[in-house]
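Me: Please take a close look at one part of this model and talk me through what packs against what. I'd like it in plain words, with any cut-offs spelled out as you go.

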Amino acid sequence: MSLKAIAQELGISITTVSRGLNGYSDVAEHTRKLIMAAAEARGYLPNASARRLKTGRTDAIGLVYPMTTAALYDPNLLDIVAHITSALADFNIDILMVSDQEHDGTSPYIRLIESGRVDALIVMDVLDEDPRVNYLLARGHKFLSFGRCNATQPYAWFDFDCEAGSRLAVQHLIEKGHTRIAYLGGSDHRAFVNQRKDGYIKQMNEARLEIPDGFVVETIRNRRNGVTAMKQLLQLEVLPTAVLIDNSMMADGAIMETLSANLRPGEDISFIIYDGLPPDSLLNYNATSVQLSTSAQKSKQIADMVLALINGANPDNLHVLWTPEIVSGDTVKDLRS
């Protein structure tokens with residue numbers, strides 16, 4: 001079945017069929033889906049080699065991922081990766097996951113670029129001063145940063161206003177009557193980690209609330225360290241009435257430790273958690289959360305921006321910042337009542 005036959009079947013131009021099959025953003029989503037469905041129903045698959053010769057594209061995107069224990073055990077981040085893979089697969093684009101760790105003096109993502117095997121990169125878990133972003137800017141290679149860093153040149157990025165998210169969380173707790181608010185967060189100093197802590201501190205300061213010694217605990221983001229961090233808080237002479245936790249995995253451990261101490265989450269100590277509890281948690285709580293949208297929504301936004309990049313969009317015009325929201329659950333007690 002040729003492009004011409006599909007075009008005649010749908011009553012559209014051959015050019016529209018071709019651009020729809022190749023993921024160009026100027027084809028409406030409804031039309032693209034009709035084109036893909038018609039092609040699939042007729043067993044039509046464009047010759048990949050011929051298409052790549054014609055377009056100069058590889059139909060592959062590199063996803064630069066921090067191969068650290070904290071990252072690899074984060075189900076929320078892995079869920080996003082799965083959804084990005086699915087979203088780009090709709091456009092016949094493959095995802096190549098690659099570590100940002102050096103091996104034999106060279107990072108694998110640099111070898112991926114030099115070999116010409118990807119059309120663009122997605123850089124995950126961005127640092128404030130990120131050598132990956134600086135390298136890609138110097139190289140002039142197309143990339144989308146999931147997060148913002150302190151680069152001096154403009155680049156394409158998608159991010160959440162995590163400072164605002166922590167401010168909202170602290171304000172939510174204050175409105176419920178809490179004044180002794182502690183913070184548990186990561187220690188790896190990724191940009192979003194720093195932004196979440198900064199938002200907590202700034203909002204506490206603006207509300208003229210004291211942050212006692214021991215009320216801020218930073219550690220590697222996993223369940224075990226969540227248990228340890230919560231133990232530290234529970235050993236303080238004056239306990240917090242509420243805790244803001246900047247990631248799901250630590251929160252899971254922290255609440256387990258709270259239960260082990262015969263304290264009731266949401267009653268004796270309140271919790272508000274970025275992204276809520278992890279999807280594999282065994283805890284039966286609907287946690288109050290700083291919600292950063294669903295993995296599917298994040299992934300679609302990322303996929304749309306990457307497609308725009310490889311189709312020639314100016315990176316200067318690809319800046320998207322979403323504001324988190326507070327989703328109420330059963331882990332924050334209203335002390336006013």
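Reply: Start with helix α10 (residues 191-206), which lies across strands β6 (181-186), β7, β8 (242-245) and β9. Its direction is about 165 degrees to β6. Lying across here involves contact, meaning heavy atoms within 4.5 Å. The angles come from axes fitted to C-alpha atoms, for helices over the stretch in contact, and run from 0 to 180 degrees between N-to-C directions. Helices (H or I, at least four residues) and strands (E, at least two) are DSSP runs numbered from the N terminus.

A quick word on the source: this is a predicted model, with local features needing pLDDT of at least 70, side-chain atom pairs counting only at pLDDT 80 or more, and totals for chains, interfaces and linings using all residues. Residues are numbered from 1 along each chain as its sequence is written, and side-chain values use heavy atoms, with hydrogens and water left out.

Back to the packing. Helix α12 (residues 248-260) also lies across β6, β7, β8 and β9, and runs at about 165 degrees to β9. Those strands belong to an open sheet of six, ordered β7-β6-β8-β9-β10-β12, and the pairing is mixed. Two strands pair if DSSP finds at least two bridges between them. At the edges sit β7 (216-219) and β12 (325-327), each pairing on one side only. From one strand to the next, the twist averages 20 degrees. Inside the sheet, β9 (residues 270-274) and β10 (residues 288-291) run parallel and are joined by three bridges.

Now for the rings. A search of the whole structure turns up seven aromatic pairs (Phe, Tyr or Trp rings, the six-membered one for Trp, with centres within 6.5 Å; planes under 30 degrees apart are stacked, over 60 edge-to-face, the rest tilted). Phe 158 and Trp 322 make one that is edge-to-face, at 4.9 Å centre to centre with 80 degrees between the planes. This pair bridges distant parts of the chain, 164 residues apart, with Phe 158 in strand β5 (residues 156-160) and Trp 322 in strand β11. Phe 158 is buried, at 0% relative accessible area, while Trp 322 counts as partly exposed at 24% (buried is under 20%, exposed over 50%, partly exposed in between, using a 1.4 Å probe and protein chains only).

Tyr 183 and Tyr 200 have ring centres 5.1 Å apart and planes at 25 degrees, so the pair is stacked. Because Tyr 183 is in strand β6 and Tyr 200 in helix α10, the pair ties together parts 17 residues apart in sequence. Tyr 183 is buried, with 1% relative accessible area, and Tyr 200 counts as buried too, at 0%.

Ring pairs also gather Phe 146, Phe 158, Phe 160 and Trp 322 into a cluster. Strands β5 and β11 are part of another open sheet, six strands in the order β2-β1-β3-β4-β5-β11, with parallel pairing. Here β2 (94-99) and β11 (319-322) are the edge strands. Finally, look at Ser 145 in strand β4 (residues 143-146): this serine is buried, at 0% relative accessible area. Leaving aside residues up to four places away in sequence, Ser 145 touches Val 123, Val 126, Tyr 155, Ala 156, Trp 157 and Phe 158.
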